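This briefing gives a reading of the structure shown below, grouped by topic. Please consult the sequence and the coordinates alongside the text.

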Amino acid sequence: MLTTRFVDGAPNWLDIGTSDIDRAAAFYHALFGWRFRSAGPDAGGYGFFQLDGRTAAGGMQTTPEQGPPSWTVYFRTADADATCKAAERAHGRTLFPPLDVMGQGTMALVADPAGVPFGVWQPGRLEGVDVAGEPGSLCRVELYTPDIAAAAAFYHAALGLETAGVPFPTGTYTSVNPAGAGEESMFGGFVPLADDPAEAPYPAYWLPYVEVADVDAVAARAGELGGVVRTAPADVAGVGRTARLADPDGARFAVIRSEPRGG
């Protein structure tokens with residue numbers, strides 16, 4: 001599970017690009033208690049989703065030319081320029097080159113060899129989100145990809161991520177953690193796209209998980225608010241109770257009540 005004790009390679013930011021930021025703000029406020037606050041007149045419409053005054057995510061309104069509504073996961077790096085170059089050497093692409101964000105840090109957008117976009121964030125004054133691993137905040141991420149081995153090789157080369165096979169009753173799960181941090185720092189995993197009926201029709205992507213106290217209640221509420229329950233709440237042994245959802249504009253995310261360690 002993620003915490004705000006960020007290390008290189010770990011997710012440290014999350015934001016949404018959406019066709020209607022006001023609708024998104026209303027939806028996520030009703031679902032997680034997030035309140036949207038503008039980052040100011042110089043931020044181009046960007047703002048922060050805050051949970052009890054702590055930033056849980058960012059977001060802004062985007063155009064159809066910028067792609068469909070979606071969440072983007074960012075990973076911490078000590079050098080955004082070096083990470084982009086490493087990603088390119090590993091057959092990825094730099095979609096948006098490193099840019100200083102008003103002294104807060106340096107961001108870039110990258111695509112892996114399967115075309116999955118993700119962000120990198122080199123901290124300046126801003127280390128990352130203020131809250132993680134608590135109810136109402138980002139707690140894990142999963143990559144749905146057509147080729148696990150290729151993804152493992154790419155993310156190791158670009159971000160130093162390490163993978164390990166974890167046995168489950170239904171097969172082996174590929175967990176992922178920052179370099180040298182060990183499996184105790186596992187923050188998610190890689191999932192074969194073709195093996196999941198809910199995901200197979202869609203392009204590969206990073207799926208963010210938000211921790212919640214009651215998965216069933218949140219899933220039901222999402223449906224009432226115009227969202228979609230993509231996979232019904234279900235227990236995953238050793239992980240917790242999960243559901244995959246989409247907001248009213250189609251941005252995909254998941255919720256989880258994590259099983260306590262050793263539980």
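The model is predicted. A search of the whole structure returns 14 salt bridges, and the largest nonpolar core contains 76 residues. Helix α1 takes part in both topics: R23 in α1 pairs with D249, and α1 gives the most to this core, with seven residues.

**Salt bridges between distant parts of the chain**

- Side chains of opposite charge can pair when their charged atoms come close.
- R23 and D249 form a salt bridge in which the closest N and O atoms lie 2.5 Å apart. This pair links distant parts of the chain, with R23 in helix α1 (residues 21–32) and D249 in the loop between β15 (240–246) and β16 (252–258), 226 residues apart.
- The relative accessibility of R23 is 38%, so R23 counts as partly exposed. D249 counts as buried because its relative accessibility is 18%, under the 20% limit.
- E134 and R54 form another salt bridge, the closest N and O atoms being 3.0 Å apart. Here too distant parts of the chain are linked: E134 belongs to the loop between β8 (117–123) and β9 (138–145), R54 belongs to strand β4 (residues 54–61), and the two are 80 residues apart.
- Both partners are partly exposed, E134 at 34% relative accessibility and R54 with a relative accessible area of 30%.
- D216 pairs with R241 in a salt bridge whose closest N and O atoms are 2.7 Å apart. D216 lies in helix α4 (residues 215–224) and R241 in strand β15, so that this pair links distant parts of the chain, 25 residues apart.
- D216, at 35% relative accessibility, counts as partly exposed, whereas R241, at 17%, counts as buried.
- A network is formed by D196, E199, R230, R244 and R252, which are joined by salt bridges that share partners.

**The largest nonpolar core**

- In soluble globular proteins, nonpolar side chains tend to be buried together.
- Which residues have the most contacts inside the largest nonpolar core? They are Y28, F32, W71, Y155 and W206, in a core of 76 residues. Helix α1 gives the most to this core, with seven residues.
- Not counting residues up to four places away in sequence, Y28 touches I16, G33, W34, F49, W71, D247, A251 and F253. Among these contacts, W71 is itself one of the residues with the most contacts inside the core.

**Helix α2**

- The buried residues in α2 are A80, T83, C84, A86 and A87. Their directions fall within an arc of 165° when seen down the helix axis, so these residues line one face of α2.
- This buried set packs against β6, β7 (105–111), β8 and α3 (148–159).
- T83 is located in helix α2 (residues 80–89) and, at 6% relative accessibility, counts as buried.
- Leaving aside neighbours within four places in sequence, T83 is in contact with T77, V120, A158 and L159.

**Helix α4**

- V215, V218, A219 and A222 are buried in α4. The arc that they cover around the axis is only 100°, which puts them on the same side of α4.
- The packing partners of the buried α4 residues are α1, β14 (228–236), β15 and β16.

**G59 in strand β4**

- G59 lies in strand β4 and counts as buried, with a relative accessibility of 0%.
- The C-alpha atoms of G59 and D15 are 4.9 Å apart in space, although the two residues are 44 residues apart in sequence.
- Apart from residues up to four places away in sequence, the contacts of G59 are D15, I16, I21, F36, G45, Y46, G47 and F49. Residues I16 and F49 are also touched by Y28.

**A nonpolar surface patch**

- L95, F96 and L99 make a nonpolar surface patch of about 250 Å².
- L99 is placed in strand β6 (residues 93–100) and is partly exposed, its relative accessible area being 42%.

Key. Residues are numbered from 1 along each chain as its sequence is written. This is a predicted model: local features need pLDDT of at least 70, side-chain atom pairs count only at pLDDT 80 or more; totals for chains, interfaces and linings use all residues. Side-chain values use heavy atoms; hydrogens and water are left out. A salt bridge is a side-chain nitrogen of Lys or Arg within 4 Å of a carboxyl oxygen of Asp or Glu. Helices (H or I, at least four residues) and strands (E, at least two) are DSSP runs, numbered from the N terminus. Buried means under 20% relative accessible area, exposed over 50%, partly exposed in between (1.4 Å probe, protein chains only). Patches are made of residues with over 30% relative accessible area and no salt bridge: like charges are joined within 9 Å, nonpolar side chains (Val, Leu, Ile, Met, Phe, Trp, Tyr) within 5 Å. Accessible areas come from the Shrake-Rupley method with a 1.4 Å probe; for residues, only the protein chains shown count as cover. Contact means heavy atoms within 4.5 Å. A nonpolar core is a set of buried Ala, Val, Leu, Ile, Met, Phe, Trp, Tyr and Cys residues joined through side-chain atoms within 4.5 Å. The arc is that of the directions from the helix axis to the C-beta atoms.
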